[in-house]
Amino acid sequence: MSLKTKIRKEGQVTVVDLDGFLDYQFTKPFKDKCKAYIKTQKSGKATTDESGDKIIFNFKNLEFIGSTNISEFIKTLKEFNTGGNKPKYCGLKSEFVKLFKAYEGRKYFDIYENLDSAIKSFDSDDEGKSKT
């Protein structure tokens, strides 16, 4: 099974559900799909700093199969990390948490244990944050 992406709205929050296995060859299609969705939602503005969109990447159903070319995937996630509304990340397995820490940790990645905590964090940045 390859990486599958489902993008949906939960109120004012865009949730990007990641499912399957992380495979480097799906990084560009993943990036393109996310940017296209945001663009259609915000009148042609494709980045979070332009749109002010609240984004959560939900890793709950994403399996880690190795770190080969993981840097491209992480670079893609970092591209959504500009502007006032930093994306949130939830449901990460321990392997992903370790990799995210290795790539500059909390400077770029606000990690939460579950989707509810990540959603609430947009109102209260400290509530529900995991100790990663």
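Residues are numbered from 1 along each chain as its sequence is written. Because the model is predicted, local features need pLDDT of at least 70 and side-chain atom pairs count only at pLDDT 80 or more, while totals for chains, interfaces and linings use all residues; side-chain values use heavy atoms, with hydrogens and water left out.

The protein chain contains 6 helices and 5 strands, where helices (H or I, at least four residues) and strands (E, at least two) are DSSP runs numbered from the N terminus. Along the sequence, these elements follow the pattern β-β-α-α-β-α-β-α-α-β-α. Of the 132 residues in the chain, 42% are buried; buried means under 20% relative accessible area, exposed over 50%, and partly exposed in between (1.4 Å probe, protein chains only). The chain exposes about 7000 Å², of which carbon and sulfur atoms supply 45%; accessible areas come from the Shrake-Rupley method with a 1.4 Å probe, and for residues only the protein chains shown count as cover. Among contacts (heavy atoms within 4.5 Å) between residues at least 6 apart in sequence, 61% join residues at least 24 apart.

S1 (residues 4-10) and S2 (residues 13-21) pair in the antiparallel sense over 7 bridges, pairing being assigned if DSSP finds at least two bridges between two strands. Ile-7 has Val-16 in S2 as its bridge partner. The hairpin has 2 residues between the strands, and Gly-11 takes a positive phi near 65° there.

Turning to the interior, a nonpolar core is a set of buried Ala, Val, Leu, Ile, Met, Phe, Trp, Tyr and Cys residues joined through side-chain atoms within 4.5 Å. The largest such core has 25 residues, and those with the most contacts inside it are Phe-30, Phe-57, Phe-59, Phe-73, Leu-77, Tyr-89 and Phe-100. Two or more residues each come from S2, helix H1 (27-41), strand S3 (54-63), helix H3 (70-79) and helix H4 (94-102). Beyond its neighbours within four places in sequence, Phe-73 touches Leu-3, Leu-18, Leu-22, Thr-27, Phe-30, Phe-59 and Leu-62. A second, separate core of 8 residues includes Val-13, Cys-90, Tyr-112 and Phe-122.

The whole structure holds 5 salt bridges, each a side-chain nitrogen of Lys or Arg within 4 Å of a carboxyl oxygen of Asp or Glu. Glu-10 forms one with Arg-8, the closest N and O atoms being 2.5 Å apart, and a network of salt bridges links Arg-8, Glu-10 and Asp-17. Lys-93 forms another with Glu-63, at 3.7 Å between the closest N and O atoms. Lys-93 lies in the loop between strand S4 (88-90) and H4, and Glu-63 in strand S3, so this pair ties together parts that are 30 residues apart in sequence. Asp-110 and Lys-86 also meet in a salt bridge (3.6 Å, N to O). Asp-110 is buried, with a relative accessible area of 9%, whereas Lys-86 is partly exposed at 23%.
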